[in-house]
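Here is a short briefing on how one protein model is put together. Have the viewer open as you read.

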Amino acid sequence: MPARAGAAPAVAMTLPEMGGRRASYRERIGEALRAAVITGELAPGKVYSVPVLAEQFGVSATPVREAMLDLVKEELVEPVPNKGFRVKVVSEAQLDEYTKLRELIEIPTTVALATTADPADIEALRPLAQAIVDAAAEEDLIAYVEADMRFHLEMLALSGNATLVETVRNLRQRSRLYGLTALLELGELEESAGEHLEILHGLLTRDPEYVRQVMELHLSHVRGSWAQPS
C-alpha cells in the first residue's frame with residue numbers, strides 16, 4: 001500500500017518477542033515503534049500513516065493507532081489530523097541534558113550493584129546481554145534497542161528503587177541513537193554490544209572500579225558514536 005500524500009514512506013516492521021513474556025499487539029507494536037523512533041528508523045519530523053504501518057506489521061489499524069497514542073503521551077510523536085503521526089524532533093541541547101542525567105543516575109547505581117546485588121540475579125541478566133550481541137550480529141537495530149532497554153532497566157531494578165527505574169526508562173525513551181546504523185555498516189556494533197557482557201563480568205567479580213570504567217565508556221557512546229547520523 002503506498003503512503004498517503006504528505007506522509008513518509010513505509011518502514012519495514014516486525015513484532016518483538018518481548019523477552020518471551022505474553023504481551024498484547026498494542027504492547028509489542030508500541031515497543032517496536034518506540035525503538036524505531038530511538039534509532040531513527042522512524043525519522044524525526046516525518047509523518048507516518050497508521051494504515052501503512054499496520055500493513056507493515058501485518059495487523060489491523062486499531063493496535064497501531066493505540067500504540068501511537070501511547071507514544072503521544074510519552075511525547076515521542078504528535079498527531080497530525082487526517083494524516084497520521086509526526087515523530088517529534090529533539091534538539092541537541094535536550095539530548096545532552098538527557099545523557100547527563102543518565103550518567104548521574106545509571107553509573108553510580110550500577111557501580112553499587114557490584115557490592116550489593118545477588119550474583120544469581122546478576123547472572124540472570126546474561127540472556128538479555130547475549131540477546132543484544134545476537135541482535136548486533138543479525139543487524140537488527142530494533143531488536144538491539146529493545147534488548148538494550150530491557151537489560152539496563154532490569155539491571156537497575158536490582159537496586160530496589162522503582163522510581164529510579166522509571167526515570168531512566170523515560171530518559172532512555174527520549175534519547176536518540178541515529179548513529180547505530182553507521183556502526184552497523186562499519187561492523188562495529190558487535191563490539192559495542194559486547195560491553196554489556198563486560199558489565200556483567202565486573203558485577204560478578206565484585207569490581208566496582210571496573211564496572212565504573214565500562215559504564216562510563218558505554219554511556220559515552222550515547223552522545224558520541226551512537227548519536228551521529230550516517
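Predicted model: local features only at pLDDT ≥ 70, side-chain atom pairs only at ≥ 80, totals over all residues.

Residues are numbered from 1 along each chain as its sequence is written, and side-chain values use heavy atoms, with hydrogens and water left out.

**Overall make-up**

- The protein has twelve helices and three strands, taken as DSSP runs numbered from the N terminus (helices: H or I, at least four residues; strands: E, at least two).
- Of its 230 residues, 46% count as buried, meaning under 20% relative accessible area with a 1.4 Å probe and protein chains only.
- Among contacts (heavy atoms within 4.5 Å) between residues at least 6 apart in sequence, 73% join residues at least 24 apart.

**Helix H4 against helix H12**

- The axes of H4 (residues 92-116) and H12 (residues 208-220) come within 9 Å and cross at roughly 155°; axes are lines fitted to C-alpha atoms over the stretch in contact, with angles from 0 to 180 degrees between N-to-C directions.
- That crossing angle makes H4 roughly antiparallel to H12, a label for angles over 145 degrees.
- H4 passes H12 in a right-handed crossing, where the near helix is turned clockwise from the far one by less than a right angle.
- Residues making the contact include Arg102, Glu106 and Ile107 of H4 and Val211, Arg212 and Met215 of H12.
- By class, this contact of H4 with H12 has seven nonpolar, three polar and five charged residues. Ala, Val, Leu, Ile, Met, Phe, Trp, Tyr, Cys and Pro count as nonpolar, Asp, Glu, Lys and Arg as charged, and the others, Gly among them, as polar.

**Helix H4 against helix H8**

- H4 also meets H8 (residues 162-174), with axes that come within 10 Å and cross at roughly 145°.
- The crossing of H4 and H8 is left-handed.
- Among the residues in contact are Leu95, Arg102 and Glu106 of H4, with Leu164, Val168 and Arg172 of H8.
- The contact of H4 with H8 divides into seven nonpolar, two polar and four charged residues.

**The strands**

- S1 (residues 47-48) and S3 (residues 84-87) pair in the antiparallel sense over two bridges; pairing requires at least two bridges found by DSSP.
- In this pair, Tyr48 stands opposite Phe85 in S3.
- S2 (residues 77-80) runs antiparallel to S3, joined by four bridges, and Glu78 stands opposite Arg86 in S3.
- S2 and S3 form a hairpin with three residues between them, and Asn82 in the turn has a positive phi of about 65°.

Terms used. Parallel < 35°, antiparallel > 145°, perpendicular 65-115°, else oblique. Buried < 20%, exposed > 50% of the residue type's maximum accessible area, 1.4 Å probe, protein only.
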